[in-house]
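Have a look at the sequence and the coordinates before reading on.

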Amino acid sequence: MAAFLRFSPKETTHLLLCDRMESLLLERYPSEWPASNAKAIVLSNAFMADATGAAPTTNGELVLGHLSNLTEDKGALRFLDLFARLRRQGLAVQAKLAGPAHEPRVKAAIEATKSEFPDTFNWLGPVYGSEKDAFYEEVDIFVFPSSYTNEAQPLVLLEALARGAAIITTDRGCMGCDHEGSPGVVFAEADFDAGAQRWIEELAADFDRAQLSGEAKKRFVSLKREAEQALAAVLNTI
């Protein structure tokens with residue numbers, strides 16, 4: 001990247017996913033970035049997701065969801081552990097997990113969770129199309145405790161928000177920048193386990209599903225509007 005900045009034409013326009021990326025580029029390349037007179041346009045992935053979904057019901061247990069390639073780095077084990085701790089402490093929550101699992105530790109943890117909580121835990125495997133939409137629409141809180149080194153801006157977080165789910169995630173890539181204003185909470189990785197449990201316990205004590213869903217969808221509409229304006233600016237530049 002340093003070489004690219006040195007040899008690319010002056011005032012080259014760079015497409016970034018969030019404002020944080022520009023500050024990180026300046027931090028990582030403190031001489032090359034300013035010397036190139038680089039221009040930045042922030043274009044979020046939010047323009048690729050749609051705000052759809054049925055209105056939520058106002059009863060039933062709180063549903064936690066996680067959708068990804070189910071790996072330890074992407075947070076599958078931390079999601080399962082969080083759900084198990086909440087259930088063992090008597091909190092009325094359900095968990096829905098979706099995505100393929102290939103890592104032996106993750107597979108074993110899924111099977112153990114299914115065995116311990118057969119009535120409140122459901123692993124759907126890979127989901128696509130209408131099955132994926134149905135998954136999101138049944139989730140109240142989308143949990144994404146990623147520690148993946150190259151995490152940038154997961155589309156699953158935006159899709160979940162668009163369908164009315166609150167977001168609990170780690171501060172990786174653009175996730176903190178994107179979801180600081182979303183219903184839910186963003187944690188430093190070291191604080192996630194205890195913080196997420198405490199936040200869910202507090203929410204469950206006074207839970208309004210319709211209000212939570214409405215706030216999430218409103219936030220997504222704002223993110224999508226900003227992304228569409230940025231896309232128009234990119235097309236005009238081209």
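What follows covers helix packing, the cysteines and a few loop residues.

First, the ground rules. This is a predicted model, where local features need pLDDT of at least 70 and side-chain atom pairs count only at pLDDT 80 or more, while totals for chains, interfaces and linings use all residues. Residues are numbered from 1 along each chain as its sequence is written, and side-chain values use heavy atoms, with hydrogens and water left out. Helices (H or I, at least four residues) and strands (E, at least two) are DSSP runs, numbered from the N terminus.

**A covered helix**

Let's start with helix H7, residues 155-162. Of its 8 residues, 7 are buried, meaning under 20% relative accessible area, whereas exposed is over 50% and partly exposed is in between (1.4 Å probe, protein chains only). The buried ones are Val156, Leu157, Leu158, Glu159, Ala160, Leu161 and Ala162. What covers them? Strands E3 (62-67), E6 (141-144) and E7 (166-170) are part of the cover, and so are helices H6 (129-137), H8 (175-179) and H10 (209-237). After H7 comes glycine 164, with a positive phi near 100 degrees.

The axes of H7 and H10 are 7 Å apart, and the angle between them is about 125 degrees. Here axes are lines fitted to C-alpha atoms, for helices over the stretch in contact, and angles run from 0 to 180 degrees between N-to-C directions. The two helices are therefore oblique to each other; angles under 35 degrees count as roughly parallel, over 145 as roughly antiparallel, 65 to 115 as roughly perpendicular and the rest as oblique. On the H7 side, Leu158, Leu161 and Ala162 make the contact, and they meet Ala216, Lys217, Arg219, Phe220 and Leu223 of H10. Contact means heavy atoms within 4.5 Å. By residue type, the contact of H7 with H10 has 6 nonpolar, no polar and 2 charged. In this count Ala, Val, Leu, Ile, Met, Phe, Trp, Tyr, Cys and Pro are nonpolar, Asp, Glu, Lys and Arg are charged, and the others, Gly among them, are polar.

**Two partners for H4**

Helix H4 (residues 76-88) comes within 10 Å of helix H9 (residues 192-205), axis to axis, and they cross at roughly 45 degrees. That makes H4 oblique to H9. The H4 and H9 crossing is right-handed, where left-handed means that the near helix is turned anticlockwise from the far one by less than a right angle, and right-handed means clockwise. Arg78, Leu82, Arg85 and Leu86 of H4 face Phe192, Asp193, Ala196, Gln197, Ile200 and Glu201 of H9 in this contact. That gives 5 nonpolar, 1 polar and 4 charged residues.

With helix H5 (residues 104-116), H4 packs at about 20 degrees, with the axes 10 Å apart. H4 and H5 are therefore roughly parallel, and their crossing is left-handed. H4 supplies Ala76, Leu77, Leu80, Phe83 and Arg88, and H5 supplies Arg105, Val106, Ala109, Ile110, Thr113 and Glu116. Those split into 7 nonpolar, 1 polar and 3 charged.

**The cysteines**

How many disulfides does the structure hold? There is 1, with a disulfide being a pair of cysteine sulfur atoms within 2.5 Å. Cysteine 18 and cysteine 174 form it, with their sulfurs 2.1 Å apart. The link is left-handed, at -80 degrees about the S-S bond. It joins distant parts of the chain, 156 residues apart: cysteine 18 sits in the loop between strand E1 (13-16) and helix H2 (19-28), and cysteine 174 in the loop between E7 and H8.

**Loop residues**

Most residues other than glycine have a negative phi. Glutamate 11 has a positive one, near 60 degrees, and so does asparagine 37, at about 50 degrees. Glutamate 11 is in the loop between helix H1 (2-7) and E1, and asparagine 37 in the loop between helix H3 (32-35) and strand E2 (39-42).

Some partly exposed residues:

| Residue | Relative accessible area |
|---|---|
| Glutamate 11 | 46% |
| Asparagine 37 | 43% |
| Leucine 124 | 35% |
| Cysteine 177 | 32% |

Leucine 124 lies in the loop between strand E5 (121-123) and H6. Leaving out residues up to four places away in sequence, leucine 124 touches Leu97, Ala98 and Phe135.
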